[in-house]
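Subject: Structure handover

Hello,

Here is the structure I promised to pass on. Please open it first, then read the notes below it.

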Amino acid sequence: MLEPIAYDIGRLCREKDKELTPKLIDIEFKADGIKMPFDTYRELTGLFKKSFIGTVEYKGNEIKYQILNFGKHVDLIELEDADLYVIADGRRLIERKELQIIPKIREKISPNSAIYFPAVFPWEIPLLVYMGVDYFDNSLTKLYASMGYKFTKNRALKVDNYNFEELYFNNKKVYEEILEEVKIALKNGFLRNVVEETAISHPYLWANYRRYEPDLRNIPLSKESKIIVTTNINIPEVKKYLERLDRYEPYSNVIVLLPCSSKKPYSTSQSHQKFIKAIKSAKVVVEEVILTSPYGLVPRALERLVNYDIPVTGEWSFEEIKLINNCLKNFLKKVEEKFDDYVVIAHLPEHYIEILDLDNVIITSEGNPTSEENLKNLTNTLKNYKELTKNKNVSKKGQKIHNIQQLAKFQFGINFIPNEIFINRKEQIFIKVNNKNQQIASINPKNGLLILTLSGGELLWNSGGKNINYVEVDYEIKKGSLFPPGFVDCNENISYNDEVVLIKDDEFLGVGRALMSGLEMKKAKHGALVNIRNVKG
């Protein structure tokens, strides 16, 4: 019924006639039995039919639907194979924790099937889309217009001396506008912000937003657009980053802690350019680590993967302090395991120093870290620890290669980048093969991730096999799209927009980009699964 074309936890889909969802529909369904009341005692649920199956015509095609009439007993739900799943008792369900059944349904059904949630208010639509709903109706527009209510994006306003037709027209328009905004947000990666803007005014929505633990495979590892963080730092983009941060291996035993900057990547900001210059003047190989909310800790090697904006007041919340210190302690544990002896130098503003829960930290700034005096102090302090890096097999050239290797580990789970590589100004990565440069990857300037060439894909496949992002097919592929008829298997952990390798009978065939998660690929019946970029000749 639907073809997913973009994911941002929720999804943007295309119907057969190219119309996009989420959208409003007006379909009549028939239920051949008595509806079970929402609050039915569990002992009496057996007296009622909890699932109604039927077919209905939609845009000239016959589709199979299942009405899910499980009341508050969501654990009793049994899903049939259908094109459309209709949620009964939505008005009761949406105010309870049982609303979490929506993503559980989405996880079990085909990505080509749709979920329909009737009788919603406009401000409920963003959260429901975020959780996996595709279709709605505007059945409340006429009812609330008749009672003198004017809808806005966030609430229903009671007005006096109202004109029914004007209110009805306004209320319909609000639905259209919010659906349009949701579609744009899905396409551009800021649906979570729309959800927060609407849900925070309604405790029942905010509670379900906070309860929801989304499938992190339904967002890209690094977004091309800036992430806006407002009321909640525990967001999916950060969770995904923190899950992989533990893969990072420090390069030097001289650790320099630095503050974040409003400009991203940090190294393009004036403050960080001064820090980098001061560190370079010391001629000591250090591990630069940026402390920040909401990401906790960002090694310089991974700085291009985080692009965000967050309100800065100079005061830290309990959650922010806990996050930063936990990340830092885990990182320093890895430093200690690798090097035994190490030093931590904090070149930070005072409000950063105040939150550090560490012993034996050397502070090189007093007041403004970018002042000439403080920068000189940083350089001179680092010079005192040059001997500490001796016999640790560290160098500036080695660090550059190390950073690429750690990016590969962060992105793919393994380091497949050889120790002898060459990186040009266009950030293309080469190895030597028969005395000739052979490109294996390049860095995407939009999101900081690696883009594989054929050689790089084959290197990745040979290094990790089915532990990496592979998609198996049963035919000789060509450039273009991979569809379900040619699909055999894949790594379930593939995320939307991930780089993948394509194989047949354990032989490498090509590289491409995932158009949905690995879990979704395994359930898909039609539509494109992978954009195949290059194929082995």
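A definition first: rings of Phe, Tyr and Trp, the last taken by its six-membered ring, count as a pair if their centres lie within 6.5 Å. Planes over 60 degrees apart make a pair edge-to-face. On that basis, Phe-121, Trp-123, Tyr-144, Tyr-149, Phe-151 and Tyr-175 form one aromatic cluster. Bear in mind that the model is predicted.

**Overall picture**

The protein chain has 537 residues, and 54% of them count as buried. Its secondary structure comes to 15 helices and 28 strands. Along the principal axes, the C-alpha atoms fill a box of roughly 80 × 60 × 45 Å. Among contacts with a separation of 6 or more, 63% come from residues 24 or more positions apart.

The protein chain exposes about 25,200 Å². Carbon and sulfur atoms supply 47% of that area. As for charge, there are 76 positive and 73 negative side chains. The centres of the two sets lie 5 Å apart.

**Aromatic pairs**

How many aromatic pairs does the rule give? The count comes to 23. Two of these deserve a note.

Trp-123 and Phe-151 form an edge-to-face pair, at 5.7 Å centre to centre and with 85 degrees between the planes. This pair links distant parts of the chain, 28 residues apart. Trp-123 sits in the loop between strand S8 (114–116) and helix H3 (125–131). Phe-151 belongs to strand S10 (residues 149–151).

Tyr-130 and Tyr-212 make another edge-to-face pair. Their centres are 5.8 Å apart, and the angle between the planes is 80 degrees. Tyr-130 counts as buried because its relative accessibility is 3%. Tyr-212, at 9% relative accessibility, counts as buried as well.

**The sheet S1-S2-S3**

Three strands form an open sheet in the order S1-S2-S3, with antiparallel pairing. Strand S1 (3–8) and strand S3 (20–21) stand at the edges. Each has a single partner strand, so one side of each is left without a neighbour in the sheet. Two bridges join strand S2 (residues 10–14) to S3. Arg-14 stands opposite Leu-20 in S3.

Strand S19 (residues 422–423) and strand S20 (residues 428–433) run antiparallel, joined by two bridges. Ile-423 has Ile-429 in S20 as its bridge partner. The hairpin of S19 and S20 has four residues between the strands. In that hairpin, Glu-427 takes a positive phi near 60 degrees.

S20 also pairs with strand S21 (residues 436–443), in the antiparallel sense and over six bridges. Here Ile-429 has Ala-441 in S21 as its bridge partner. The hairpin of S20 and S21 has two residues between the strands. Asn-434 in the turn has a positive phi of about 55 degrees.

Best regards

Key:
Residues are numbered from 1 along each chain as its sequence is written. This is a predicted model: local features need pLDDT of at least 70, side-chain atom pairs count only at pLDDT 80 or more; totals for chains, interfaces and linings use all residues. Side-chain values use heavy atoms; hydrogens and water are left out. Buried means under 20% relative accessible area, exposed over 50%, partly exposed in between (1.4 Å probe, protein chains only). Contact means heavy atoms within 4.5 Å. Accessible areas come from the Shrake-Rupley method with a 1.4 Å probe; for residues, only the protein chains shown count as cover. Lys and Arg count as positive and Asp and Glu as negative; His and the chain ends are not counted. The place of a charge is taken as NZ of Lys, CZ of Arg, CG of Asp or CD of Glu. Two strands pair if DSSP finds at least two bridges between them. Rings of Phe, Tyr and Trp (its six-membered ring) pair if their centres lie within 6.5 Å; planes under 30 degrees apart count as stacked, over 60 as edge-to-face and the rest as tilted.
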